[in-house]
Amino acid sequence: MAELCGVVGIGQTKHDAKRLDVSQVGLVREAALRALEDAQLTWSDIDAVVIGKAPDLFEGVMMPELFLADALGCAGKPMLRVHTAGSVGGSTAVVAASLVQAGIHDRVLTVAYEKQSESNAMWALSIKIPFSATVVAGAGGYFAPLIRGYMMRSGAPDDTGIRVALKDRLNALKNPNAHLKFPDIDFDQIQGSPMLWDPIRFLETCPSSDGACALVLSSEKLAEQAATKPAWVHATAMRSEPTSFAGRDQVNPQAGKDCAAELYKKAGITRPREEIDCAEIYVPFSWFEPMWMENLGFAEEGTGWKMTYEGATALDGDLPVNMSGGVLSSNPIGASGMLRFAEAAMQVRGQAGEHQVAGAKKALGHAYGGGSQYFSMWIVGDEKP
Amino acid sequence: MRDVAILSYAQTKYTAHEKARNEVEMLMPVLSEAVEKSGIPRKEIGFTCSGSTDYLAGQSFSFVMAVDAVGAWPPIRESHVEMDGAWALYECWVKIQTGEVDSALAFSFGRASMGDLPSVLTMQLDPYVLQPLHPDATSLAALQARALLDAGKSSEQEWAEIAARSLRDAKDNPDAIRKGDADVAALLKEPYVASPLRAHTLPPVTDGAAAMVIAAGDVARKVSEKPVWIRGIDHRLDPHMPGVRDLTVSPSTAKAGEKAGTGQGGFDIAELYAPFAPQEIILREALGLGDGVRINPSGGPLAAHPMMVAGLARVGEAARQIWSGKAGRALAHATQGPCLQQNLVTILEAE
């Protein structure tokens, strides 16, 4: 019943700790203009705009899409603002795609961003609300115990996280837009970096970044006529579950498993490890690579670390993961999910440059947020589903 | 497009200051009521979307706690907009249009009383060139009201009449927080809060929550004896900076209305989200609503103004008019942003 949807334009900013050369307006416009340029389209070709970002306290502006609308050509058009915690960049793309799939609009621009330098994410995540528990430790303090839980369950070697970080940091050197680049990075440097939230070391952690990502999505007919080869959306899925309740498995959350199951079913995939050529997934702390490999069904429970160890997730492995350098290398939080979705689309369009996986035909984009409780995913392909 | 109908609607009895319950506790009875009345078991509802803003709760990720109120286990297909609940309803409608789901739950919540709402809304303005001047929401609405007076399009007398009508109609609405018989002449003797706005033209700070279940036509006919049909829904946006707009008109409302199908007219009632009384004049003009259309039989936002909920509540109150048999065709409007920046129009009909 649903219309087909194709990604016909992709744009992202140069990500950096402080993009002092642009305002929030300039940041989102940089990504949007690059996406329009990639699609060889202009503002008037766009029917609707979907904007996503993480908590408004990260910049200190309430519902900032209302003032950004002017710069994104929204006047007279429908504009939606999505916010689903860390998964928001992915969810925003899913909502934008649904406008095309529902047959409501033919061409939708979607933009996700974060300009963390204009506020302080650690503060914004640590506000003490009366009568409620708070970790006052930002995201790292929240996720470190989950990683410990994974290490205990799986018996994974202690240096698994270091190996993930090394791979992603080497991949980032091939990505012109990546924020963190350490040209002489090696295993010892990561191992020797300060322990922030045991077992998470400094160099196994994502940065705070300013950045934005934009996609132009088209209906089947317009995508067929597009200036450049589209990435076809084969499937999207989203799932949420509560933050905490007795018996909740936060290490391998049910919402992630259910989301992946629906995604594969919609895309007609029965053997994800063989049928998907590469995956760009949300790994803000290195250990989440093996954890999500299991949650996504690429590896049996307790064995995800072996994929890292055996080099399966390396750029030349059988399932390259985080070819762009991932969230570990660039983390404009609200955009981080969309950057994953965009990288998957870039791979199947063959436009990933030095971090291109040769012959990638089907790619997975993945994002998660909250206390490992919000998931959004898509699968894109070089051919129509 | 698939036919989509509203199956149920529930809202809190509004309060000026919710002292005891947090957002989850406000939501739980409302969600339970909406789901129960829908005739669809909670676990069979295909999609859920909420609308709220962190700047009312004063904390990041404030919508995450709402997932507890929904009972998201096993995990659910769910999304959230940092917008009024009317746009959560829109996302639900879109999801049904994709054919992926046949039913959806939209809800929203807000406790505006925890801060100084007009000043909180200042944080919604362009942070580089407008916010530093710190115009609050009331002051911006006063500028808009002044523009209406200068253009000769309305009068203070007319605004007092709108307020008196709203308070009178609210007497029939048990959920409203401001109601009663008001004398227009007496209202006009009130001092200005922000000239030319007097207290009766301003919305009351209100805490509340609302929820609505909608479904595709075939499901709606199966589970509901009296579905209220969504015949059209569209939303549009005007530029943000007040200086580049003619504040006496609302092109985005007119366009959303046109796309939703206001051209056919025939409305018995309209629920308009004009937070400030003078804005009702602008909306009526944009939507082509003549004297024959009864405006805000619920009392409207001057009688209860739960921030982030009031737009969804307009749709809900309009549906209630149809369920009660008082209207056959109704228009519901929602807004957000300074001076009616963004607007959504829904057209509802009985079977």
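In this predicted model, Thr262(B) sits in the loop that runs between helix H10 (251-260) and strand E9 (269-271) of chain B, where helices (H or I, at least four residues) and strands (E, at least two) are DSSP runs, numbered from the N terminus. Residues are numbered from 1 along each chain as its sequence is written, and chains are lettered from A in the order in which they are written. Local features need pLDDT of at least 70, side-chain atom pairs count only at pLDDT 80 or more, and totals for chains, interfaces and linings use all residues.

**Surroundings of Thr262(B)**
- Thr262(B) counts as buried because it has 24 C-beta neighbours inside 10 Å, the term requiring 20 or more other C-beta atoms within 10 Å, with C-beta atoms placed from the backbone.
- Leaving aside residues up to four places away in sequence, Thr262(B) touches Gly257(B), Leu287(B), Gly288(B), Leu331(B), Val345(B) and Ile347(B), contact meaning C-beta atoms, placed from the backbone, within 7 Å.

**Contact between the chains**
- In chain B, 49 residues are in contact with 47 residues of chain A.
- H4(B) gives the most to the side of chain B that touches chain A, with 5 residues.

**Build of chain A**
- Chain A contains 14 helices and 11 strands.
- Its C-alpha atoms fill a box of roughly 55 × 45 × 45 Å, taken along the principal axes.
- Buried residues make up 63% of the 385 residues in chain A.
- Among the contacts in chain A with a separation of 6 or more, 79% are between residues 24 or more positions apart.

Conventions: A residue is buried if 20 or more other C-beta atoms lie within 10 Å of its own, exposed if 12 or fewer, and partly exposed in between; C-beta atoms are placed from the backbone. Two residues are in contact if their C-beta atoms, placed from the backbone, lie within 7 Å.
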